[in-house]
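Hi everyone, thanks for coming. Let's look at one structure together, starting with a strand and then moving to a pair of helices.

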Amino acid sequence: MTTPAPRHLDIHILHTLPYSNLNRDDLGSPKSLLFGGTPRTRVSSQCWKRAVRLAVESGVGESAVRTRRLPVEVARELADRHGWPAELAEFAGRHVAAAAGLGVDKDDLTVLVFLPAKAVDELVELCVGHRGELDAALVALRGRARPQAKKGESVLPAARVKELIGGRNSITALFGRMLAELPESKVDGAVQLAHAFTTHATEPEIDFFTAVDDLNPVEATGGGHLNTAEFSSGVFYRYASLNLADLSRNLGGDRAEVAAVTEAFVTAFLSALPNAKKTSTAPFTVPDLAYVAVRGDRPVSLAAAFEDAVAARDGAGFATASRHRLNDYNAKIGLLLGDVALAFHGHATLDDGPFDALGERRRSFPELVSEALSAVNGLPG
């Protein structure tokens, strides 16, 4: 039987994190979930995805912005870089929103938009090119408390404004976009990223802390500030899947760009960490194990390996037991699905193993990424 062309790149990571709180709920506690009847610590996909996105942007040298402050940013650029009067600059920013059919609440959009960062500069230049029309429209409305255009009515060319706001680059191609007000700007994201969770049971720990007031008189006692915070620690299972066909389609079939973006994403997913509480916990560990599979059939998460919470092994903690659990579970999945759809699979780890069900061992994460990319070269156009 012929092996299907590579279509999905799955990344599975086991990552031991020390005392930390990478992702808080509304009360400041580490986020959690109940899995297999056991409480676990969780880091939301949105939280980790942002850290990964910023790392990808650094890797590919291209960025996107998610914001409601587009009118404000356009106005600021017009005032600072082009010397426009504040009233006219703010009026132009609101006309950008009106041309796109987007609502404005005070100074901000009523919805978040996700657009290439360079589109902001291009919108500014569009306003500069239509300054005469903006001046005339402002004069016609002068005397009103807050002159602004109605949604859908603008002196700016609506088609061009929508084109710029709905523009694509490698970041929007990777992570996708949905904006109901501009349905034509929709991009089906090529990345699916799961919530990370501990492979074992956890309970948050409460830290009581004080801060000293350095200017207290010598005779004063007690802290200047007293409070509590919650933290957790554990071995996290992290999973993401990259749809190579979707990424290729979103990038217009440019194989070189697909390869570059794929490499940047896998590298970022291996290394990026959310920044919450970093100054007080410095949780900068690296993953214990990474397993990458390039498949031709469908994405395959191995989260169910940990539905039965891992128990500490002979006083050695959870990390070693979690690595062996992942290997054993993947061996069973391999028997169920067969390996005909596997174009590549391999792993890199700090453990001696053996982890035969996770493909050939590579010496390092960069070597693992390089080998996976070689398999990706056969992706469909």
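Strand E12 (residues 289-295) is largely enclosed by the rest of the structure, because seven of its seven residues are buried. Buried here means under 20% relative accessible area, with exposed over 50% and partly exposed in between, using a 1.4 Å probe and protein chains only. Leu289, Tyr291, Ala293 and Arg295 are buried on one side of E12, and Ala290, Val292 and Val294 are buried on the other.

A word on where this comes from: it is a predicted model, where local features need pLDDT of at least 70, side-chain atom pairs count only at pLDDT 80 or more, and totals for chains, interfaces and linings use all residues. Residues are numbered from 1 along each chain as its sequence is written, and side-chain values use heavy atoms, leaving out hydrogens and water.

Strands (E, at least two residues) and helices (H or I, at least four) are DSSP runs, numbered from the N terminus. Two strands pair if DSSP finds at least two bridges between them. E12 pairs with strand E1 (residues 8-20) in the antiparallel sense over seven bridges, and there aspartate 10 has alanine 293 as its bridge partner. Seven bridges also join E12 to strand E13 (residues 342-349), again running antiparallel, with valine 294 opposite phenylalanine 344.

Which residues of H1 touch H9? Val52, Ala55, Val56 and Val60 of H1 make the contact (heavy atoms within 4.5 Å), meeting Ala260, Val261, Ala264, Phe265, Ala268 and Phe269 of H9.
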